[in-house]
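Here are my notes on this one, jotted down point by point. Have a look at the model before you read on.

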Amino acid sequence: QLQAYGGGLVQAGDFLKLSCAASGRTFSSYNMGWFRQTPGKKREFVACISWSGGSTDYVDSMKGRITISRDNRKNMVYLRIINLKPEDTAVYYCTASDTYYGSRELYYQYWGQGTQVTVSS
């Protein structure tokens, strides 16, 4: 199971660190990702990190403002977003796959409930 949290209402220019808690003994073998979704739109890839943490990838539109990281000892994955913009307003989801690493939503097996991020201007 995956549980994302850490969202909230923030001002433009602020930063947030979203967290995702994973249950299960094999967490350290899973590649992890973050996606986001706004009403009426498809879920959008944000970032992913390999099982070891050695590889990361980010959506081009947010590069320079986001950092994905993980702590396998704590079964946690994080997404730090700086300089938040109103267009970052979305529900953010964490996801996991034991085989896939990348930006394709279709290939992720496990999804948590999202956490709402609202950025006011």
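This is a predicted model: local features need pLDDT of at least 70, side-chain atom pairs count only at pLDDT 80 or more; totals for chains, interfaces and linings use all residues.

How many disulfides does a search of the whole structure find?

1. The search turns up one disulfide. Its partners are Cys 20 and Cys 94, with the sulfur atoms 2.0 Å apart. As for where they sit, Cys 20 is in strand β3 and Cys 94 is in strand β9 (residues 90-97), so the bond ties together distant parts of the chain, 74 residues apart.

2. On geometry, the S-S torsion for Cys 20 and Cys 94 comes out at about 55 degrees, which makes the disulfide right-handed. Cys 20 counts as buried because its relative accessibility is 0%. Cys 94 is likewise buried, at 0% relative accessibility.

3. What about Cys 48, buried or exposed? Cys 48 is buried, with 0% relative accessible area. Its sulfur lies 14 Å from the closest cysteine sulfur, the one in Cys 94, so that is too far for a bond; the cut-off for a disulfide is within 2.5 Å.

4. Now the sheet around β3. Four strands make up an open sheet, running β1-β3-β8-β7 with antiparallel pairing. At the edges are β1 (2-5) and β7 (66-71), each of which pairs on one side only. On average, neighbouring strands here are turned by 15 degrees against each other, ignoring direction.

5. Zooming in on one pairing, β1 and β3 (residues 16-22) run antiparallel and share four bridges. Within it, Leu 2 is opposite Ala 22 of β3. For context, strands of a sheet pair through backbone hydrogen bonds, in either a parallel or an antiparallel manner.

Definitions and conventions:
Residues are numbered from 1 along each chain as its sequence is written. Side-chain values use heavy atoms; hydrogens and water are left out. Two strands pair if DSSP finds at least two bridges between them. Helices (H or I, at least four residues) and strands (E, at least two) are DSSP runs, numbered from the N terminus. Axes are lines fitted to C-alpha atoms, for helices over the stretch in contact, and angles run from 0 to 180 degrees between N-to-C directions. Buried means under 20% relative accessible area, exposed over 50%, partly exposed in between (1.4 Å probe, protein chains only).
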